[in-house]
Amino acid sequence: MDLQSVKNRFGIIGNSPALNYALQVAAQVANTDLTVLINGESGVGKEAFSHIIHNLSARKHNSFIAVNCGAIPEGTIDSELFGHEKGSFTGAVDSRKGYFETVNGGTIFLDEIGEMPLGTQARLLRVLETGEFIRVGSSKVQKTDVRVIAATNRDLLQQVQAGKFREDLYYRLNTVPIRVPALRDRKEDIPLLFRKFVIDFAERYKTTPVQLEDAARQRLVSYPWPGNVRELKNIAEQISVLASEKLVTSTELSRFLPESNPNNRLPVLAGNGTANPHEFNNEREILYKLFFDMKRDVTELKKLFFEVMQNPSSAVHNPSFLNDMKELQTAADSHQPIIVPHPHTSQTAQPVLMHEPIHEHVEVEESLNIMDKEKELIVKALKKHKGKRKDAAMDLGISERTLYRKLKEYNIDE
């Protein structure tokens, strides 16, 4: 069977060399029982290749089933694939056949094979090598004749090196590899696919197919299409339904294409898992620490200014003070200048001039105890809301029940 007849039969659009080679391999390997591993990014159409292989094979009149290994919970995937016996686990009220038993004589397509748990990988390897499997909860070995076609968008060799995928299973699956090219690697096919999709949607929605201006077509081709054919089909449907004119311009097209500039993404703060989990128990502790640090800095600064006013020559022996004052003077060019005593004229230096003179320095006795501060905030909140617990709790950002517990804990009289 020539490639064009395969494309016509299975609705494959495109003429890129990479696509043609993948189709040629699929057609050649179809009439065998070899295991096939299809690799490609998400949305390139890996499942379509599995249908081509099955329908061109001698098993085409038997069952075909597609299973997404990533969509089945780890606790049930063994039961789904190999079946289980009654009472083998909680909820197993009856015996059940698995997919390998159900499609005996046919083909099973295991998509996202890289997500399969290691324990299930061992069972799958057994099926591939001997055709034998055992239901969950059973000791009886059963035979099956199923062709396996697997697919993944991951680098399975990297997963093997990371210990997440069995090396023996990888080589057993990878008997015949097929690489389905990404859409950005077959740019010449993008206008053909778009045209096919908009005609299909025009028939579905009983309307006229949209067309692209030359600039819009160039923009369509230059877009990277991270979602591949699936994304192109979605965009074609959006344009078919939402475009204001049937002749789409580049400006109109840009409304439908997602922003692909990665620099527009906001940074995400993520922990590396090595931090002490008790260092900051919650945001309130972080805020407390920030406020206490600021209050301590202000107190120290006020104390320093008071000492300089009382004894200007002391500033000469404090380099950090001199640096701070120079920075302030630079930043406040439009304001009244601040006189900084010079080391060589320290005896005649004048006090620092300020808009509002400091009359006295007051030592602030503060507690850094979080419980004291929490108690203080609770008392303030109750006073602010005139003893209304519900309003005070809402203002504090805690539940009324938590507030009641805190009142008893701190022995606060309302």
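Guide: Strands here are DSSP runs of type E with at least two residues, and helices are runs of type H or I with at least four; both are numbered from the N terminus. The model is a predicted one. With that in hand, the part to look at is Thr144, which belongs to the loop between strand S5 (141-143) and strand S6 (147-152).

Is Thr144 buried or exposed? A residue counts as buried when its relative accessible area is under 20%. Thr144 has a relative accessibility of 11%, so Thr144 is buried. Which residues does Thr144 touch, once its neighbours within four places in sequence are left aside? The contacts are Phe100, Asn104, Val127, Gly131 and Phe133. With Phe100 there is also a polar pairing: a polar atom in the side chain of Thr144 lies 2.6 Å from the backbone oxygen of Phe100.

The loop of Thr144 leads on to strand S6, and S6 is part of an open sheet of five strands. The order of that sheet is S2-S3-S6-S1-S7, and the pairing is parallel. Strand S2 (64-68) and strand S7 (176-179) form the edges; each has a single partner strand, so one side of each has no neighbour in the sheet. On average, neighbouring strands in this sheet are turned by 20 degrees against each other, direction ignored. In general, the strands of a sheet pair through backbone hydrogen bonds, in either a parallel or an antiparallel way.

Strand S3 (residues 107-111) shows how this pairing runs. S3 and S6 are paired in the parallel sense over four bridges, and Ile108 stands opposite Val148 in S6. S3 also pairs with S2, again in the parallel sense, over five bridges. Two of the residue pairs can be named: Val67 has Leu110 in S3 as its bridge partner, and Asn68 has Asp111 in S3. S3 is mostly covered, as five of its five residues are buried. Thr107, Phe109 and Asp111 point one way from the strand, while Ile108 and Leu110 point the other way.

Helix H2 (residues 17-30) lies across strand S1 (36-39), S6 and S7, and runs at about 150 degrees to S7.

Helix H9 (residues 190-204) has 15 residues, which at 1.5 Å a residue should span 21 Å; the C-alpha atoms at its ends are 21 Å apart, so the two values agree. Its buried residues are Ile190, Leu193, Phe194, Phe197, Val198, Phe201 and Ala202. These cover an arc of only 165 degrees around the axis, which puts them on the same side of H9. In general, an α-helix has 3.6 residues a turn, so residues three or four places apart point the same way. Among the elements that cover the buried residues of H9 are strand S8 (211-212), helix H10 (214-222) and helix H11 (228-242). Just after H9, Lys206 has a positive phi of about 55 degrees.

H11 passes the length check as well: its 15 residues should span 21 Å at 1.5 Å a residue, and its end C-alpha atoms are 21 Å apart, which agrees. Asn228, Val229, Glu231, Leu232, Ile235, Ala236, Ile239 and Ser240 are buried in H11. They pack against H9, H10, strand S9 (247-248) and helix H12 (250-254).

Tyr410 is in the segment after helix H17 (400-409), and its relative accessible area is 9%, so Tyr410 counts as buried. Apart from neighbours within four places in sequence, Tyr410 is in contact with Met371, Glu374, Lys375 and Ile378. Tyr410 and Glu374 are 36 residues apart along the chain, with their C-alpha atoms separated by 9.3 Å. Their side chains are joined by a polar contact of 2.4 Å.

As for the whole chain, the protein has 17 helices and nine strands. Of its 414 residues, 36% are buried. Among contacts with a separation of 6 or more, 68% are between residues 24 or more positions apart.

Technical notes
Residues numbered from 1 in each chain as written. Predicted model: local features only at pLDDT ≥ 70, side-chain atom pairs only at ≥ 80, totals over all residues. Heavy atoms only, no water. Buried < 20%, exposed > 50% of the residue type's maximum accessible area, 1.4 Å probe, protein only. Polar contact = N/O pair within 3.5 Å; in protein donor to acceptor, adjacent residues only side chain to side chain. Contact = heavy atoms within 4.5 Å. Pairing = 2+ DSSP bridges. Axes fitted to C-alpha atoms, helices over the stretch in contact; angles between N-to-C directions. Expected span 1.5 Å × (residues − 1). Arc of directions from axis to C-beta.
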